Amino acid sequence: MSKIVLVVDDSSIARRTAKEVLEGEGYRVEEARNGQQGVDMCKLKQYSLVLSDYNMPGLNGVDMVRQIRPLPGYEHTPIFMVTTEFTRDLLTRGKNAGVTLWVVKPFDETKLRTAVR
């Protein structure tokens with residue numbers, strides 16, 4: 001059985017790019033268009049990995065992670081923030097919320113492949 005990854009991004013192009021990379025590594029991929037949809041999907045299913053943008057309308061990626069971490073089964077699930085946003089303060093807030101890895105867009109597909117292996 002292949003692992004299932006949730007990709008959360010308001011950009012359909014970003015979701016499609018991540019999906020192509022992840023499916024190439026053998027993952028099944030499901031998509032959410034925003035942070036709230038990502039939280040709702042995590043309440044219904046256990047994902048092996050969550051990839052999320054930070055800057056989305058409504059619930060941003062870090063606040064989404066804060067809501068996902070307390071859910072049963074998500075205490076240790078890898079959650080990667082894939083975003084154009086990068087400041088020390090934001091990295092600290094992400095780490096405190098439970099972000100596992102911060103990847104700055106545009107991401108190197110080779111590095112993403114290595115990170116998900």
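A word on the ground rules first. This is a predicted model, so local features need pLDDT of at least 70 and side-chain atom pairs count only at pLDDT 80 or more, while totals for chains, interfaces and linings use all residues. Residues are numbered from 1 along each chain as its sequence is written, and side-chain values use heavy atoms, with hydrogens and water left out.

Let's begin with charges. How many salt bridges does the structure hold? There are 6 salt bridges, where the term means a side-chain nitrogen of Lys or Arg within 4 Å of a carboxyl oxygen of Asp or Glu.

One of them joins K19 and E31, with 3.6 Å between the closest N and O atoms. K19 sits in helix α1 (residues 12-24) and E31 in strand β2 (residues 28-32), so this pair ties together parts that are 12 residues apart in sequence. Helices (H or I, at least four residues) and strands (E, at least two) are DSSP runs, numbered from the N terminus. K19 is partly exposed at a relative accessible area of 26%, and E31 is partly exposed too, at 31%. On that scale, buried means under 20% relative accessible area, exposed means over 50%, and partly exposed is in between, using a 1.4 Å probe and protein chains only. K19 and E31 also belong to a salt-bridge network with R15 and E23.

Now for two bridges inside helices. R66 and D63 have their closest N and O atoms 2.6 Å apart; they are 3 residues apart in helix α3 (residues 61-68), about one helical turn. In helix α4 (residues 88-97), R93 and D89 are 4 residues apart, again about one turn, and their side chains meet at 3.4 Å, N to O. D89 is partly exposed, at 48% relative accessibility.

Next, the rings. The structure holds 1 aromatic pair: Y54 and W102, tilted, 6.5 Å centre to centre, with 40 degrees between the planes. Rings of Phe, Tyr and Trp (its six-membered ring) pair if their centres lie within 6.5 Å; planes under 30 degrees apart are stacked, over 60 edge-to-face, and the rest tilted. Y54 is in the loop between β3 (49-52) and α3, and W102 is in strand β5 (residues 101-104), 48 residues away in the chain. Both Y54 and W102 are buried.

Strand β4 (residues 79-83) pairs with β5 in the parallel sense over 4 bridges, and pairing needs at least two DSSP bridges between the strands. V82 has V103 in β5 as its bridge partner.

Finally, the inside. In soluble globular proteins, nonpolar side chains tend to be buried together. Here, the largest nonpolar core has 24 residues, and L6, C42, Y47, V50 and M64 have the most contacts inside it. By nonpolar core I mean buried Ala, Val, Leu, Ile, Met, Phe, Trp, Tyr and Cys residues joined through side-chain atoms within 4.5 Å. Which helix gives the most to this core? That is α3, with 4 residues. Apart from this core lies another, of 11 residues, including A18, L49, V82 and V103.
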